[in-house]
Amino acid sequence: MNILTYLIPISLVLGGAGLLFFVFTIRSNQYDDPEGDARRILSGEYDDKPKQ
Amino acid sequence: MTATMRPPVSACPACSAAPAAERLAEMDAPTEAHIVLSLPTIHCAACMATVERALGAAPGVRSARVNLTMKRVSIEADPDLTAEDLIPVVEGAGYEAHELDTTAMSATATDRAGRELLMRLAVAGFASMNVMLLSIAVWSGAEGQTRDLFHWISAIIVVPAVAFSAQPFFKNAYTALKARALNMDVPISLAILLALVTSLWETTLSGEHAYFDAAIALTFFLLTGRYLDHRTRSVARSAAEELAALEVPRAFRVTPEGEEQVSVADLRVGDLIHVRPGGRMPVDGVIAEGTSELDRSLLTGETLPVYAAPGQDVSAGEVNLTGPLTIRATAVGRDTSLHRMADLVAVAESGRSRYTSLADRAAKLYAPGVHILSALSFVGWFLYSGDLRVALNIAAAVLIITCPCALGLAVPAVTTAASGRLFKKGLLIKDSTALERLAQVDTVVFDKTGTLTAGTPELTNLGDFTRRDLQIALALALGSAHPLSRALTSAAQDAGITPEQLEDIREIPGHGTEALWRGQTVRLGRSAWVGGGQTDQTAAWLRIGDGPAQAFTFTDRLRDGAEATVKALQEAGLDVILMSGDTTATVESLAHRLGIQHWLAEALPQDKAARIQALSNDGAHVLMVGDGLNDTAALTAAHASISPASALDAARVASDIVLLGSTLAPIPDAVQTARKATRRIKENFTIATWYNIIAVPLAVAGLCSPLIAALAMSASSITVSLNALRLR
């Protein structure tokens, strides 16, 4: 049962990290143009960083 | 954990959250112009790159970013740049562009409520996944200390997660209770809270059953329903706002220094305003200078253009056809006749407000029933066993089992699927109960001008003229931008006619075109000016020298799909009625052409609304389809209403559904889909009820473990969602 002391915190931390990333994506407007973003990755113009 | 989830309060909360505020701030200090263009034709990665590159290369543009989802480009540019400078740039790159009024669009810039819901949904999803893992361990046989540990961890996750995620339900329930009413959120909040309290109590006593997973899963499923609901409505709202934003309210004011472009809101009584041919009157006024013809069809439904000369009154919303006019404003803004009529509509009782949605009706039956059932099982068990803990546990189980998870998803899941399907076909569902009301419709009332007809004339008697007459008429028609001239031009050119050589062609605004042909005067225009006779049809008269005047007669061209739509509606068993403000002869001929039995001509706006009221009183459910200001009262009075995108703003606001394309064809389809959707909603209610019928006796009997509760809840929610997806 000692394994639980590792596994439970690990699963919570991983899940929490996913949640934090999700919050970050919402806050940085990453869902404003899903269709456009899907196409932009096909273009070579934005390879270095997203155009501001 | 909750603290980190809340957006931090920045120094200027409005700045970070609402670009609209930023934009307004920019307007005060013009260091930068923010321009938004609508690009209806872009569809691919190459389109985006082309538009952005073209705009980026234009002088004065600082940045341009295309949003493909909304088919828009937002441009930051030097303050002296306007949309007129940039539209040619985009059109030069090969794409259609229209200016959007940024003030009318401000509300859609950021969907704050949607974002907040999504955040709550994410937290609830995260918590329910983790708690479900722990619960599965408990259900599969964890005992003693391990079980207590798992329960405690669950409690630590669930309590803050529920406190954050379930706030919308708590708030709604509180508002309802304060108003001494019951809504769906009251049993929801009670179930969540009671589940938490009994589970905490059980956990402190090392009890066997804890409902933490149920409390959070309930929140998650219900939030999903709320979010779907919100999404559907915000998509519709932003599309509707975009339609309004396409009409940028601008006017040309004549000042001693010349002409200046101003916003319509800045016009004052007494201002002189220049209205170009093709422009719409921004205010009520009196013509000060110029002659022309006016198209009043959006206000009255009349198709015949009206002669306009100095001294004549004009109303906001009329369209100037031929010559430039200068008008002196007599009423502006909210005082214009356009606004006064629109305000009258707002006062009238609408079909919308009379209707109680299926969900509300279900809630009205459901909420008291659940409370009574739960209270009875609590009292019953307390009297039977004398144990408060057992009684409370069972009452909580009953509330959880009956909690309207499936009911909360039943309606939004279906309306989302149906609205998505109809949106693809070019129909915008603006109101949340529109589909339910549309499904009940048994009578369809059409307006004529601009709805069944496209509002553009079509020549009917080309064959009555000699080739030489047509050649002269074509040459004259080419000299004018009047709708009748344009119709004549396209009809003649389609017939392979080439224009005759004429000299000295000039357009006399409000009358027609005149020229010299082999020394003779030739004229094409209004009957009185050319010397023609009387006709009850729309006509332009041609006279060559001293010869007799001949009439080109026109009929209003049918809108795409009008015939098929009327036929399909009639075949579906609906009663089709035509109501118009136009003359009896035109209305009768159109009704005959479309096979419509019942029609009403020369109807005033009040007549239309009264007729619809009369039909409703006879028990009919009327769908009104109309576009003009004269239809708004009728649109409001009807059980459900549709207007085309070309309609006046007031008419679009008054209607539940907007047709985005130029064809009427999606209407029968909309009725079909609405009926199917309502059937699905009712099926969903049935499914949810059956789950309750099976599970509630178990809960009341005290046999319902958290596992059974979780299974029943998830299974019913998933069945309901899948059933809704069958609509696609």
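Colleague: What percentage of the 728 residues of chain B count as buried?

Modeller: Bear in mind that this is a predicted model. A residue is counted as buried when 20 or more other C-beta atoms lie within 10 Å of its own. Of the 728 residues of chain B, the buried share comes to 46%.

Colleague: How many helices and strands are there in chain B?

Modeller: The C-alpha atoms of chain B fill a box of roughly 115 × 60 × 45 Å along the principal axes. As for the elements, chain B has 29 helices and 26 strands.

Colleague: Which helix of chain B gives the most to the side that touches chain A?

Modeller: Here 22 residues of chain B are in contact with 21 residues of chain A. Helix 4 (45-57), strand 2 (61-67), helix 7 (112-139) and helix 8 (144-165) of chain B each supply at least two residues of that side. The top contributor, with nine residues, is helix 7.

Colleague: How many nonpolar residues does that side of chain B have?

Modeller: Sorting the side of chain B that touches chain A by class gives five polar residues and one charged. The nonpolar count is 16.

Colleague: How far apart are the end C-alpha atoms of helix 7 of chain B?

Modeller: Helix 7 of chain B has 28 residues, so at 1.5 Å a residue it should span 40 Å. After this helix comes Gly141(B), with a positive phi near 120 degrees.

Note on methods. Residues numbered from 1 in each chain as written. Chains lettered and ligands numbered in written order. Predicted model: local features only at pLDDT ≥ 70, side-chain atom pairs only at ≥ 80, totals over all residues. Contact = placed C-beta atoms within 7 Å. Helix = DSSP H or I, 4+ residues; strand = E, 2+ residues; numbered from the N terminus. Nonpolar A, V, L, I, M, F, W, Y, C, P; charged D, E, K, R; others polar. Expected span 1.5 Å × (residues − 1). Buried ≥ 20, exposed ≤ 12 C-beta atoms within 10 Å, placed from the backbone.
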